[in-house]
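Colleague: Hi! Could you walk me through this one? I'm new to it.
Modeller: Happy to, just ask as you look.

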Amino acid sequence: MIQDSLTDPVTILLAYVLVLWYTALILWYILLQKQRAGYKNGNKAQSTENESDLEPPALIVIAHPDDECMFFAPTIISLRKQGRPVHILCLSTGNYNGLGAIRSRELEASCKILGVRQTDCEALDDKRFPDGPKKWNAQEVASVVAHYIKENGIRIVITFDSGGVSEHPNHVSCYDGVRHLADTGKLDTNIKAYSLQSISLWRKYSGCLDVIVSSTSGHSFLAVGSPSDVWTAQTAMNEHTSQLVWFRKLYIVFSRYMYFNTLDRINA
Ligand SMILES: [Zn+2]
């Protein structure tokens with residue numbers, strides 16, 4: 001009887017799932033302890049680079065209100081826990097459905113929960129960057145980002161990568177703009193630029209289980225959210241009431257971007 005149950009496919013599958021969950025939870029715990037020790041020692045979270053590679057203030061360049069909490073929350077919270085000022089530059093108001101003014105206010109409320117000052121959180125209402133399924137001009141994005149960097153003494157710039165997480169053309173345009181700055185030598189050598197890794201669909205919705213892949217895949221920086229950080233990110237997303245359709249409610253539970261961020265360096 002016992003031997004039969006041990007060879008039962010359902011039992012074997014359950015055993016695999018249990019092992020996977022325990023491995024993920026243990027790994028998540030270990031990484032959190034390591035990150036907390038880093039905060040205490042004044043180090044830079046799970047950076048694989050020199051300490052000086054991540055210094056305040058940091059700028060997150062996003063395309064739409066809600067990108068900050070749907071994709072970048074672990075990074076923002078991690079930087080804030082290090083006592084670093086974080087600025088959010090949102091290149092559109094998210095006005096595709098005529099809700100730009102509402103979404104701009106929602107962004108401010110979300111930023112407040114994430115620990116970003118209202119004065120450091122800006123949504124641009126700029127005709128060059130309409131919310132929609134078209135790419136923006138990289139040079140124009142670069143020009144706006146460069147101006148913001150100069151005006152605010154930014155030392156770290158973080159944005160999407162060439163996959164834009166969801167391949168949204170506006171997200172990709174943020175990357176193209178920062179990439180353009182790096183490629184044309186318009187980023188000072190003391191400014192570090194990073195991009196948020198896009199990942200496969202099955203990883204994207206694997207929640208905390210993705211820690212197994214995130215912690216072992218190549219990256220320059222890993223931000224690990226604690227359960228309370230995940231709650232903070234979800235609370236911030238709840239401020240985007242105009243966007244809280246059913247699938248986004250599922251997203252904030254299952255998306256790995258609410259738990260972990262892996263970043264790559266854009267400039268050398
Ligand atoms: Zn977006």
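Colleague: How many bridges join E2 to E3?
Modeller: Three bridges join them, and the two strands run parallel. Keep in mind that this is a predicted model. Within that pairing, Leu 89 stands opposite Glu 122 in E3.

Colleague: And how do E1 and E2 pair, parallel or antiparallel?
Modeller: E1 and E2 pair in the parallel sense, over five bridges. One place to look is Leu 59, which stands opposite His 87 in E2.

Colleague: Is E2 buried or exposed?
Modeller: Five of the five residues of E2 are buried, so E2 is largely enclosed by the rest of the structure. Both of its faces are covered: Val 86, Ile 88 and Cys 90 lie on one side, with His 87 and Leu 89 on the other.

Colleague: OK, zooming out. What is the order of the strands in the sheet?
Modeller: The sheet is open and has seven strands, in the order E3-E2-E1-E4-E5-E7-E6, with mixed pairing.

Colleague: Which strands stand at the edges?
Modeller: Those are E3 (121–123) and E6 (221–224). Each has a single partner strand, so one side of each is left without a neighbour in the sheet. On average, neighbouring strands of this sheet are turned by 20° against each other, direction ignored.

Colleague: Which strands does helix H5 touch?
Modeller: H5 (residues 100–114) packs on the sheet and touches E2 (86–90) and E3. Its direction makes about 160° with that of E3.

Colleague: What about H8, where does that lie?
Modeller: H8 (residues 169–183) lies across E1 (58–62), E4 (156–160) and E5. It runs at about 140° to E4.

Colleague: At what angle do H6 and H8 pack?
Modeller: H6 (residues 138–152) and H8 pack at about 70°, with their axes 7 Å apart. That angle makes H6 roughly perpendicular to H8.

Colleague: Which residues meet there?
Modeller: From H6 they include Val 141, Ala 142 and Val 145, and from H8 they include Cys 174, Gly 177 and Val 178. By class, the contact of H6 with H8 has eight nonpolar, four polar and one charged residues.

Colleague: Back to the strands. How many bridges join E6 to E7?
Modeller: Four bridges join E6 to E7, and the two run antiparallel. In this pairing, Leu 222 stands opposite Thr 262 in E7.

Colleague: Which way do the residues of E6 point?
Modeller: Phe 221 and Ala 223 point one way, Leu 222 and Val 224 the other way, and all are buried.

Colleague: And how many bridges join E5 to E7?
Modeller: Three bridges join E5 (residues 192–196) to E7 (residues 260–265), which run antiparallel. Among the paired residues, Leu 196 has Leu 263 in E7 as its bridge partner.

Colleague: One more helix pair, then. How far apart are the axes of H4 and H11?
Modeller: The axes of H4 (residues 73–81) and H11 (residues 227–238) are 10 Å apart, and the helices pack at an angle of about 120°. That makes H4 oblique to H11. H4 passes H11 in a right-handed crossing.

Colleague: Which residues make the contact?
Modeller: H4 brings Ala 73, Pro 74 and Ile 77, while H11 brings Asp 229, Thr 232, Ala 233 and Ala 236. They divide into five nonpolar, one polar and one charged.

Technical notes: Residues are numbered from 1 along each chain as its sequence is written. This is a predicted model: local features need pLDDT of at least 70, side-chain atom pairs count only at pLDDT 80 or more; totals for chains, interfaces and linings use all residues. Two strands pair if DSSP finds at least two bridges between them. Axes are lines fitted to C-alpha atoms, for helices over the stretch in contact, and angles run from 0 to 180 degrees between N-to-C directions. Two residues are in contact if their C-beta atoms, placed from the backbone, lie within 7 Å. Angles under 35 degrees count as roughly parallel, over 145 as roughly antiparallel, 65 to 115 as roughly perpendicular and the rest as oblique. Ala, Val, Leu, Ile, Met, Phe, Trp, Tyr, Cys and Pro count as nonpolar, Asp, Glu, Lys and Arg as charged, and the others, Gly among them, as polar. A residue is buried if 20 or more other C-beta atoms lie within 10 Å of its own, exposed if 12 or fewer, and partly exposed in between; C-beta atoms are placed from the backbone. A crossing is left-handed if the near helix is turned anticlockwise from the far one by less than a right angle, and right-handed if clockwise.
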